Amino acid sequence: MNSDIKGLVFNTQSFAIQDGPGIRTTVFMKGCPLHCQWCSNPESQKAHPEIMTTDIKCISCRKCAGLCDAISFNSKGRQIDRAKCNLCLKCAEVCPSKAIEQIGKYLTVDEVLKEVLRDEALYRNSGGGMTVSGGEPLLQPEFVTELCRRAKEKGIHTALDTCGYAPWAVMEKVLKYIDLVLFDVKHMDPAKHKKFTGVDNKLILSNLKKTVPMVRTWIRIPLIPGFNDSEDEVKEIAEFSASLKVDKVSVLPYHEFGSAKYAKLGNTYPMQGTASLGEDKVKSVVTSFQQYNLEVEVGG
Amino acid sequence: MISVEELKKATTVKGVRNVRRGLNIKDESNRGMYRPDNRMGLERERLLVETYKKTEGEPMVLRRAKALKNILENMTVYIRGHERIVGNYSETPNDVFIPLDLTWRSFRRMIIEGEAQTLLDDKGKAELNELCKYWDGKSTRDIQVKTFKGCEQLEKYWQYDGTYMWSHFYENGTLDYEKLFQVGLNGVIKQCQDRLMEINKTIPFDYMEQKNLLEAVIITCQAAINWGHRFADKARELAAQEKDPERKKHLEQIAVTCDWVPGNPPRSFQEALQSFWFCHIISKQIEFPSTGIGLRIDKLGGPFYVADIKAGRTTKEDTLDLLRRFWMKFEEQGFAFTPSISGIYAGVQTLSSMTIGGLDKDGKDITNDVTYLILDTAEAMHTVQPSLSLRVHKGTPKKLLERATDVVATGIGYPSFFNDESLIPLLQRWGCSLEEARDYTFTGCVYIDIPGKNAHRRSAGYFNMARTLWWALHRGVNPETGEQYGARTPDPATFKSVEDVMQAFLTQVDFFINKMLQVENVTKSVYETYMPRPFKAALTRGCVEQGKDIGGFKDPNDGISNFCISGGQTNVADSLSAIKKFVFEDKEVTLPELIKIMDKNWEGHEELRQRILTRSPKFGNGDEYVDSICNEVHCRTEAIIEKITDKYGARYHWDGSVVSLGYSFGVDTAATPDGRKAGEPLSDGSLSPMVGRDMKGPSGVLASCAKVDTLHSYNQLLNQRFMPQFLKEGNKEKFVSYLRTWHDMGIPHIQFNVVSSANLRDAQKHPEKYTDLIVRVAGYSAYFNDLSKGLQDNIIERTEQGL
């Protein structure tokens, strides 16, 4: 395997306690074949580095404007014409205060591993490890395989957080080095799935069925108002989950925490104004799953 | 069991409000230094002066002994309706303790015309004036002033200029409670009598000193025993009138207890607590103002409790009831601080901590039933004092860490966690035997101590490392006055590497700490001559054996006597890291340019400041580049202070407790190359990352801290803030594993604020709704409302480690 291979990573989050057992470091890969409307990490979607802005950090030094025709300053502060942006990322390089920041860097396996290994003692004491998430890790299978292989060599528990949308042959190879799969199930209806995420669910469900016998699997269900939270929809997902032998089901209730990031990327949030789910609603969903004898947790 | 509400209703809480930053900057001083219901008691001061007047010309140690006897014989003793453990330092429960014999000018000023006028009414103020007249020229501080007079060096470097603050406040030291519980004060008296008989035969050269000391010890021990009898009489008197059968029983029990202790070895857990309390309150307040507790309550109390239960003398329920009432004795304590010291001890009562858990002298875990009863009590009581220091080692039971997590999760800021495997080797390196080191304890904050060990253990004061770096960047010359105030270090324009900057910094540390400790060493003699401590000597190892007062002898390798609190180390490390990268590696700016920019507080150079803030490696992110610099700052400054000794050859050490000096001294610290602006607070603990600069979560912080070598530095302090959810329910187990990891990484200390920023902000807006809100400031907890807005903001800005 080529050790010079690089992966496009947009964040490594240490001390993650909701991405598998114990305390973990989650490596977020950039690029995703799905574009879910509720996505709380919109900066994970594009498979190339891009810029993200934080206006409040801008000190109006105008260094960026001097370099780029797409950037100008007016009475409201710095303006970026995203249509003109050619992604050269020089603005992020010169910005002193990280008011413009580069999202996504090409890193070697060694670079990522160094950060992951720093918390080895924490994994040992908590039963944690490394989770590779995204975006979609399976878009960068060679890097992810090498990263997980090397982590396992060091005795680190590996988890793969995936939407499951990849050719089975690709997925199968990666799974060889995975101890736990966190597999997203969003909807049982292919058309509705396609409408809200951009792709239908056939490949995903078929991959899930093949994964479960191979690797320990937890199903994760983002619970989205107006998408999959009706009684029938929940029931269908629960029925399907129960038909597979999965260890656990995690319900991830919709939240708006990622909405501010859309503007920072020059986009608008598709689910603007959607209210969070009430505690009662979440409880009733949990109960529905429990009726199928599934171990359920909220979050995590 | 008595309700917490009932106990709290009966208690007047005393925490000093911080009204100054640095020496002169007022910090909301108009709100006053004390809560409106706090008062100053004058009885002790009155009785002390009475004896001093009567005993002029006698040996000082006997004068102090007789004064203590006069106070204990004639002061008001009271037993309040809820008390089962008794003993008071002042005539009413509303009083803060003010020692005029130590220093009186600042106290008088603050009460007569300053920030603490609510402490006395007009009549009291008149009497205070009279008492101060007596001490004029006689108080310890007056004698110190006279001693320094004519010595330009001492007079000049005694003053606070922002670099360090020498202070009379405060002394620690833990009594030999093991001895107290084994032989009682009668046993000590017997020991003194035997020693007197012995010297009558051997006639040593220091016969006079020994005889005076031994006689003084006997006087104070007898006085303490008789004080107990006064409480016993009072309890009997109250019992005779008492209608409620349960309370009557309690009062009768108090009478029996106080007749028996502190003279005799306790026979029960209650007698042990009572014996401890009498000696604690006498030695730490009535005899001489000092902070802390230091009792290893589970180690010493556990066997009594087990025996009580076995013999059917008590129940768990009844013991919890007893502990709750005992707890309020601490919460009721309060010290007066001078206004300038209030900036350093914001919200402090008496900085008191009890130690639980840890190893015994043989290396076995001491956890017992009392350990858990103490945690139960702390959780239920939710008070600022006593705080708890939990010693953790490889064999600490998981159950204990889980219970400790529950208590931390309540938001009270303790227990604070200490690492046996880091601190025991440190103490050994400092000169303690393995047995002694295993018995270490904390009096308050991270003030590390060995119970009963011969030590006049005090902090010489508070030292600002960040300002010391500023001197190094200015050749020791104050740019405003042109005065050569610090060491004459080379022109920064000639520095070729960050090592040159480090050298200049270390030279300045060497220069200033020597100046400060000269003041300290001379003042030690003032204390020894004018403030002998016969009661403390009774329970300090070696005093009776040698006939010497606590300051009269010392093993040069005693390890723990002398220390100085220091802060700002993280800012120095982050600054050196910025200089290394931006000046010597990337050459974005020359050092003389950078110094000029800082002299102008970054004005016109926000771009550079932002680049440093966003691109220079900062301590707290597990970045070797700066972590190794930080380690050097700690170890190399410790090596410097360890070269300095007192007259017995005992070395000095740094102490990382920091208290609230990071906030207070920040005001007197110019801009620093780490991107900090002039006047902004410094880091909040010796091992804490600078606020807001740790971006890699809790494990990034641990990774950095683990790079600092405890063995070659000193006892450190690390503050962390967590969202309350992380300690509760399903996450509790993860928090416990995080604690284990902290331990495995060899980090000496950690403590937690567990309260959300949203709550703290709401508390700023609606203080009336949050009278009970407690936060961890440094090595102590305080009521949020007692802190100035600026310090509150500083606590809110500390990085909240999320989920």
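This is a predicted model: local features need pLDDT of at least 70, side-chain atom pairs count only at pLDDT 80 or more; totals for chains, interfaces and linings use all residues.

Analyst: Because A:L87 has 11 C-beta neighbours inside 10 Å, it counts as exposed. The phi of A:L87 is near 60°, which is a positive value in a residue other than glycine. A:L89 is found in the loop between β5 and α1 of chain A as well, and although A:L89 is not a glycine, its phi is positive, at about 70°. With 16 C-beta neighbours inside 10 Å, however, A:L89 falls into the partly exposed class.

A further backbone feature concerns a peptide bond. The bond from A:G134 to A:G135 is cis, and its omega is near 20°. A:G135 is placed in the loop between β8 (129-133) and α4 (141-153) of chain A.

These positions belong to a chain with 10 helices and 13 strands. Of the 300 residues in chain A, 42% are buried. Among the contacts in chain A with a separation of 6 or more, 73% are accounted for by residues 24 or more positions apart. The C-alpha atoms of chain A fill a box of roughly 60 × 45 × 35 Å, taken along the principal axes. The radius of gyration of chain A is 20 Å, which agrees with the value near 19 Å that a compact globule of 300 residues would have.

The domain assignment divides chain A into domain 1, made of 6-47 + 105-298, and domain 2, made of 50-103. Taken over C-alpha atoms, the centres of domain 1 of chain A and domain 2 of chain A are separated by 32 Å. Where the two domains meet, 7 residues of domain 1 of chain A are in contact with 8 residues of domain 2 of chain A. On the side of domain 1 of chain A that touches domain 2 of chain A, the classes are 2 nonpolar, 1 polar and 4 charged residues.

Chain A also has a contact with chain B, to which chain A gives 17 residues and chain B gives 21 residues. On the side of chain A that touches chain B, β1 (6-16) and α3 (120-126) of chain A each supply at least two residues, and α3(A) gives the most, with 4 residues. By class, this side of chain A comprises 8 nonpolar, 6 polar and 3 charged residues.

A cis peptide bond joins B:Y414 and B:P415, with omega about 5°, and B:P415 is placed in the loop between α16 (398-409) and β8 (416-419) of chain B. In chain B, the axes of helix α19 (residues 465-472) and helix α23 (residues 569-585) come within 7 Å and cross at roughly 40°, which makes α19(B) oblique to α23(B). The residues making this contact are B:M465, B:A466 and B:L469 of α19(B), together with B:Q569, B:N571, B:V572 and B:S575 of α23(B).

Definitions and conventions. Residues are numbered from 1 along each chain as its sequence is written. Chains are lettered from A and ligands numbered from 1 in the order in which they are written. Domain bounds come from an automatic or database domain assignment. Ala, Val, Leu, Ile, Met, Phe, Trp, Tyr, Cys and Pro count as nonpolar, Asp, Glu, Lys and Arg as charged, and the others, Gly among them, as polar. Axes are lines fitted to C-alpha atoms, for helices over the stretch in contact, and angles run from 0 to 180 degrees between N-to-C directions. Angles under 35 degrees count as roughly parallel, over 145 as roughly antiparallel, 65 to 115 as roughly perpendicular and the rest as oblique. The radius of gyration is taken over C-alpha atoms; the globule rule is 2.2 Å times the number of residues to the power 0.38. A residue is buried if 20 or more other C-beta atoms lie within 10 Å of its own, exposed if 12 or fewer, and partly exposed in between; C-beta atoms are placed from the backbone.
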